[in-house]
Amino acid sequence: MDLNLLRRRSLFCSKSSSSSSSSSLRSSSRSLGFDAMRLSTKSLASFLMALPVVVMLTIILRHHPSDRFTGFADARPFYANVTTPLLPGDDVSKPTDMARDKLLGGLLAAGFDEHSCLSRYESNLYRKTSPYKPSPYLLSKLRNYEDLHKRCGPNTQSYNKTVEQLKSGRSVGSTDCKYVVWVCYSGLGNRILTLASVFLYALLTERVLLVDRGKDMADLFCEPFPEKSWFLPLNFPITNKFKSFDQKSPESYGNMLKNNILKPSTESLPSYIYLHLAHDYDDHDKLFFCDDDQALLKKVPWLIVKTDNYFIPSLFLMPSLEHELSMLFPHKETIFHHLGRYLFHPSNHVWGLITRYYNAYLAKADERIGIQVRIFDGPGPYQYVKNQISACTLGEKLLPEVDIRGSIGTPSENPKVKAVLVTSLVAGYFENLRNMYWEHPTVTGDIIGVHQPSHEAQQQTEKPLHNMKAWAEMYLLSLTDVLVTSAWSTFGYVAQGLGGLKPWILYKSENQTTPNPPCQHAMSMEPCFHAPPFYDCKAKKGIDAGKVVPYVRHCEDVSWGLKVVDSHDEL
């Protein structure tokens, strides 16, 4: 119907209605009829005027044009940030990432205030779904632990009762709850690995884990357990002794054994025992890893642990724990991968550092390559390390070669964009890679962007902001697709474990020369235990602990260290 005709008819009806209202000869029913006609006609006119717009919008939405960034979104379809608009190219017809499993396959407990710890439920938006699923037994064990922590955690009746026993200095009968206290010690990478180790020990021995907050633990991590804090209360009776505890402390388990204060037949036990499991522990301290000694320690209400070692591989060598560990982790190299994602959620401040950097520099790349550089020869940068990084990344085809001669003419029509994330205390290694890919085209036509969040010059363990940046960089490395790490570095161990990545390990240099080969692909994503015991508890003699069982082997980067693997190849 012609729109002008409709308008004329509408006008005519309006005039007729006005005329009829002034005429006393027309009935009220006829007036109502004209009013109804006027309303109906106006509605029809409005609908017909809007119809072309509706049709046009339908066509646009049905045939949404492709965007030049679609490839970036497809490369990482799990990326979406609930606090920012969808990326160009995101398909709004597909379920959003928020519909994904925020609880990581049941690994995380529900019921937290999401705004108090954004990373807990947003991490799945930045990370690929892990192919490694937690076992049902591990999930059950974690839920049981959470119930135990709720019942026995700080300021509960059981906690207060056991603290009173601690003040008395003697263990008086059995207690409802037993505790293991992790003492804040060493650098951040060591702290994360050792805290995971002590938590696993708590799971295995049905103890409640309490964490010494040190100077910055509360600023770095969210609470992992529902309702009750994992932090040791500030009024804990012996906190002032923590710093002085060392290998020579009379309260240490090793010294108590040497001085015959503790024996398997001992009836009167102390209310707490200090376990010195740091790198300088002696043979008596190492008896912690023997089943007979665990039977004695089981009776003590409070165990205080100071360690800078990821000691989980030696737990796998204890016959009393072997079956339980196999049920918890049927895929053995996933230990830190699962425990790390369960325990360590960046605080909101750190999460802001992570997400802002990721969104700005990494989100839209087709591939992300992480390179973690930690050199123990001094601050650097060193040319032999630059050469080693290039030899590894180019030789293993992790990054493309560059065309030094400039013989490549026409750029690739569909180049891949690769983002390289470098973490190091100095800027020289980042600058070397950045300049190489800025000054020369790649032979593949790929576009390489090189980024480094910080360069703090030296490790500053006691500086809170330094540790926040370090934690953010570990986490960012764990979000990459391919990872290169430095030998001996717990920083790299944390990143590979959280990300579920088997890294390429840069060998430690001898005499400041580039190793040949420069790197090796790791056989497991598990961290390395740098200072394990080499002792057969039953035979009471030394052994090669890397040859006892096929799933505990010597590390690639620390020849005397131990790590858990899944391979059953011949040794």
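A residue is called buried when its relative accessible area is under 20%, exposed when the value is over 50%, and partly exposed in between (1.4 Å probe, protein chains only). The structure is a predicted model, in which local features need pLDDT of at least 70, side-chain atom pairs count only at pLDDT 80 or more, and totals for chains, interfaces and linings use all residues. Residues are numbered from 1 along each chain as its sequence is written, and side-chain values use heavy atoms, with hydrogens and water left out.

Thr393 is located in helix H15; helices (H or I, at least four residues) and strands (E, at least two) are DSSP runs numbered from the N terminus. Thr393 counts as buried because its relative accessibility is 1%. Leaving aside residues up to four places away in sequence, Thr393 touches Ile371, Leu398, Leu399 and Val484, where contact means heavy atoms within 4.5 Å.

Helix H14 (residues 348-362) has 15 residues. The distance from its first C-alpha to its last is 20 Å, close to the 21 Å expected at 1.5 Å a residue; the expected span is 1.5 Å times one less than the number of residues. Buried residues in H14 include Trp351, Tyr357, Tyr358 and Leu362. Among the elements that cover the buried residues of H14 are helix H4 (118-122), strand E6 (417-423) and helix H17 (464-478).

Side chains of opposite charge can pair when their charged atoms come close. A salt bridge is defined as a side-chain nitrogen of Lys or Arg within 4 Å of a carboxyl oxygen of Asp or Glu, and the count by this rule comes to 14. One of them joins the side chains of Glu227 and Lys150 (3.3 Å, N to O). Glu227 lies in the loop between H8 and helix H9 (253-258) and Lys150 in helix H5 (residues 136-152), so this pair ties together parts that are 77 residues apart in sequence. Glu227 is exposed, at 68% relative accessible area, while Lys150 is partly exposed, at 35%.

A salt bridge also links Asp216 and Arg191, with the closest N and O atoms 2.9 Å apart. Asp216 lies in the loop between strand E2 (208-211) and H8, and Arg191 in helix H7 (residues 188-205), so parts 25 residues apart in sequence are tied together. Asp216 is buried, at 4% relative accessible area, and Arg191 is buried, at 3%.
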